[in-house]
Amino acid sequence: MEELSRDEIIRLLSDEQNQAEILKRADEVRRQYVGDAVHLRGLIEFSNICRNNCLYCGIRRGNTATHRYRMSPEELIDTAHKAADMGFKTLVMQSGEDMYFSQKVMCEIIEVVKKFDVALTLSIGERSYEDYKAFREAGADRYLMRIETTDKDLYHKLDPDMSWQHRHDCLMMIKELGYELGSGIMVGLPEQSIESIADDLLYLKEIGIDMAGIGPFIPHPQTPLKDAKGGQLDLALRTMAVMRIMMPDINIPATTAMESLHPQGRIMALKGGANVVMPNVTEGEYRRFYELYPGKICVDDTPLHCRSCIGMKIMSIGRTIGEGYGGHNGKLPQIKK
Ligand code: SAH
């Protein structure tokens with residue numbers, strides 16, 4: 001394993017000329033440590049109602065122009081059931097911070113979904129220790145929550161009313177409870193420096209993540225950051241590649257935001273260190289309304305279409321679809337009681 005110094009990380013992140021070599025090096029590390037299998041996670045976007053007001057996010061509370069929706073528990077379970085029947089071995093249930101999904105409601109959903117023989121990831125933001133513990137005991141295996149940035153001043157500017165320390169504390173609770181821990185950052189945020197991205201990578205390594213996603217920030221027209229630059233696909237790809245070199249055996253998704261900036265974005269990512277893809281299995285109109293950023297791909301497609309489309313893309317570059325749950329080190333964590 002390569003121990004990159006902070007200076008070396010900064011140098012690689014800045015090295016636009018040698019991007020192809022950096023991605024190639026990450027691709028070799030990926031092949032050596034986690035092999036050719038690409039693990040698929042079916043993503044269900046079950047509510048876009050959110051109590052937070054993050055400046056970058058299209059489903060922020062203050063965006064009154066967005067159409068809000070919330071799946072009923074039955075609808076969510078039904079969507080999960082169909083995705084499991086389609087062959088997905090991991091489901092990711094993501095939403096805004098919608099408190100309709102109380103501890104009790106969530107646990108009832110988790111218990112049913114876990115009967116479908118899937119690893120279950122939750123991505124529903126900041127909750128109490130008691131909630132995280134109850135979700136875990138109900139059967140949730142993994143939790144995904146990006147730290148977004150480790151530049152605390154920037155974080156507090158972008159996420160008003162939220163606390164960086166609290167988000168970090170949540171990640172620590174999640175880890176302590178024995179979940180597989182997923183996190184990550186956005187790249188290309190206003191005022192975000194290369195140095196701070198290097199610190200983000202060192203942070204992710206330090207806290208011992210099992211998975212991390214790197215997404216390019218894409219300005220949303222109905223948010224205060226509508227005129228920001230964003231769209232830095234190359235920097236996001238380099239960040240992801242450097243992360244693979246630093247953390248050779250973790251799970252790294254080719255993120256949807258990358259494909260939203262370039263029709264081959266996820267393939268570029270899979271060839272530069274990524275080994276996971278999260279096809280959208282949300283149905284109907286909901287896909288369109290879960291608009292974190294504009295230009296989101298596949299909003300008119302069906303789950304089955306997305307599954308076969310990404311399957312073909314993966315095979316076209318000589319990779320295989322992962323079998324099993326595809327956990328970090330091939331293990332599905334045991335539930336602690
Ligand atoms: N409420 C959950 C899910 C958040 S949405 C949570 O707090 O974890 C999932 C991710 O989308 C966010 O963590 C953020 O990194 C990303 N995101 C939000 N707005 C974005 C934008 N404008 N461009 C790119 N990514 C964005």
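A cavity here is a set of grid points, taken over the protein atoms alone, where a 1.4 Å probe fits but cannot get out, and its lining residues have an atom within 4 Å of a point. The model is predicted. The structure holds three cavities of 30 Å³ or more, and the ligand sits in the largest cavity.

**Second largest cavity**
- This cavity has a volume of about 140 Å³.
- Its lining consists of 15 residues, and Arg41, Thr121, Arg142, Leu144 and Met211 lie nearest its centre.
- Strands E3, E5 (142–144) and E6 each supply at least two residues of this lining.
- By type, the lining divides into seven nonpolar, four polar and four charged residues.

**Largest cavity**
- The largest cavity contains about 990 Å³ of space.
- It is lined by 48 residues, with Gln94, Arg146, Glu148, Tyr290 and Leu292 nearest its centre.
- Elements that each supply at least two lining residues include strand E2 (42–47), strand E3 (90–95) and helix H10 (256–261).
- Strand E7 gives the largest share of the lining, four residues.
- The lining comprises 27 nonpolar, 12 polar and nine charged residues.

**Ligand**
- The ligand is surrounded by 17 residues, the closest being Tyr56, Ser95, Arg146, Glu148 and Ile218.
- The shell divides into 10 nonpolar, four polar and three charged residues.
- Polar side-chain atoms of Arg146 and Glu148 each lie by an oxygen atom of the ligand, at 2.9 Å for Arg146 and 2.6 Å for Glu148.
- A backbone N or O atom of Ile218 lies 2.8 Å from a nitrogen atom of the ligand.
- The protein covers 92% of the 560 Å² of accessible area that the ligand has on its own.

Definitions and conventions. Residues are numbered from 1 along each chain as its sequence is written. This is a predicted model: local features need pLDDT of at least 70, side-chain atom pairs count only at pLDDT 80 or more; totals for chains, interfaces and linings use all residues. Side-chain values use heavy atoms; hydrogens and water are left out. A residue is near a molecule or strand if one of its heavy atoms lies within 4 Å of it. A polar contact is a pair of N or O atoms within 3.5 Å; within protein, one must be able to donate a hydrogen and the other to accept it, and residues adjacent in sequence count only if both atoms are side-chain atoms. Accessible areas come from the Shrake-Rupley method with a 1.4 Å probe; for residues, only the protein chains shown count as cover. On a 1 Å grid over the protein atoms alone, a cavity is a set of points where a 1.4 Å probe fits but cannot get out, and a pocket is an open set with protein on both sides within 12 Å along at least five of seven lines; lining residues have an atom within 4 Å of a point. A molecule sits in a cavity or pocket if more than half of its atoms lie within 2 Å of its grid points. Ala, Val, Leu, Ile, Met, Phe, Trp, Tyr, Cys and Pro count as nonpolar, Asp, Glu, Lys and Arg as charged, and the others, Gly among them, as polar. Grid points are joined across faces, edges and corners, and a volume is the space filled by probe spheres set on the points.
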